[in-house]
2 protein chains.
Amino acid sequence: MANIDLSQATRLLNHGPTCLMTSAHGNQRNIMAAAWVCALDFTPPKVTVVIDSKTYTRELMKAEGTFAINLPCVQQIELVKKVGSISGRDLPGTDKFAEYSIQTFAAELIRAPLVKDCVAWLECKVIPEQHIEDSYDLFVAEVIAAQADTRVFNDGRWQFDGHDDLRTIHHVAGGAFFATGMSC
Amino acid sequence: MANIDLSQATRLLNHGPTCLMTSAHGNQRNIMAAAWVCALDFTPPKVTVVIDSKTYTRELMKAEGTFAINLPCVQQIELVKKVGSISGRDLPGTDKFAEYSIQTFAAELIRAPLVKDCVAWLECKVIPEQHIEDSYDLFVAEVIAAQADTRVFNDGRWQFDGHDDLRTIHHVAGGAFFATGMSC
């Protein structure tokens, strides 16, 4: 695992992988799957994320002003399906991390937990844009810290050869996914 | 090739493929590669695209109010690299379509040409959002027509088995790409 220079942070997202968004506020935390995440700018790095107004994640990220994008890999596919199929609000007295035994570690700059065994992590600070949040559920955020698994991201590039279990994933529809494929 | 029901149009983009954007206004037309394209909403289907203010594509799409997203496949990788490495403004007296012998066909509802041998096509109408266009080069658009190659998109899903040459592509960095990989 290594810190990624912020000038290269958007390279983690160029290929359009599906993400796990984590958030925390007060003593509440949540995790959800999100496919509609996209790079927006290089320096400082920015991203867009689409987060439905009914989600618990949105409540926490709006209250805290920060969230994390975790990039899961092939060996976490069942976890991605699980956290994408239930709301954290429907687990009174516990949360998805406890319910599904999801291991986490502390972020560098924000409160949201980072998910172990993912292959990259982007810590993000919401740039308030009320109109597009209200109109489109669309959020703009600046990436303020980034890390990646050096087995598959080094020299500023994803390189998955020899690490099929660590390939990132791409949502198709209805809980079906593709792995990131061969170089071409 | 078949028309795609608009309620399923965002499924063409869920997996984060790199796109070819085409635009036309008056007797001018252009094509560029764009990796920062993302689904935004289901019904009516909407997308976001990030288009630098200096590009010829932006000039044409702003003037016309429409543009097309073409999804290229593995067998078009050299074409994607070519159109992504030069501006249409730098080809006085001709354009990239003529320069690179790019075959096109007419869109259903808009003036932008659609690129032959791609595997999906989304015709888009810009929803003006001046603030985010100016601040982030970020555009919101509604998908008003969509088509796909039925060899690889049917029953509302991408299914590339047996068609490796028709797999969509994902930009890594600096002109390197991954093919969309195996189901997982």
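Author: In this predicted model, there is 1 cavity of 30 Å³ or more. A cavity here is a set of points, on a 1 Å grid over the protein atoms alone, where a 1.4 Å probe fits but cannot get out. The largest cavity holds about 100 Å³ of space, a volume being what probe spheres set on the points would fill. Its lining has 16 residues, and A:Gly16, A:Val37, A:Cys38, B:Gly16 and B:Val37 sit closest to the centre; lining means having an atom within 4 Å of a point. Strand S4 (37-41) of chain A and strand S4 (37-41) of chain B are the elements that each give two or more residues to that lining, strands being DSSP runs of E with at least two residues, numbered from the N terminus. By class, 12 of the lining residues are nonpolar, 4 are polar and none is charged, with Gly counted as polar and Cys and Val as nonpolar.

Now for the strand. In S6 of chain B (residues 66-71), 6 of the 6 residues are buried, so the strand is largely enclosed by the rest of the structure; buried means under 20% relative accessible area with a 1.4 Å probe, protein chains only. In a regular strand, side chains alternate between the two faces of the sheet. Here B:Thr66, B:Ala68 and B:Asn70 point one way, while B:Phe67, B:Ile69 and B:Leu71 point the other. S6(B) runs antiparallel to strand S2 (residues 19-25) of chain B, joined by 3 bridges, and B:Leu20 stands opposite B:Asn70. Strand S9 (residues 120-127) of chain B is also antiparallel to S6(B), with 6 bridges, and there B:Ile69 stands opposite B:Leu122. Pairing takes at least two DSSP bridges.

Residues are numbered from 1 along each chain as its sequence is written, and chains are lettered from A in the order in which they are written. Local features need pLDDT of at least 70 and side-chain atom pairs 80 or more, while totals for linings use all residues, and side-chain values use heavy atoms, without hydrogens or water.

Definitions and conventions
On a 1 Å grid over the protein atoms alone, a cavity is a set of points where a 1.4 Å probe fits but cannot get out, and a pocket is an open set with protein on both sides within 12 Å along at least five of seven lines; lining residues have an atom within 4 Å of a point. Helices (H or I, at least four residues) and strands (E, at least two) are DSSP runs, numbered from the N terminus. Buried means under 20% relative accessible area, exposed over 50%, partly exposed in between (1.4 Å probe, protein chains only).
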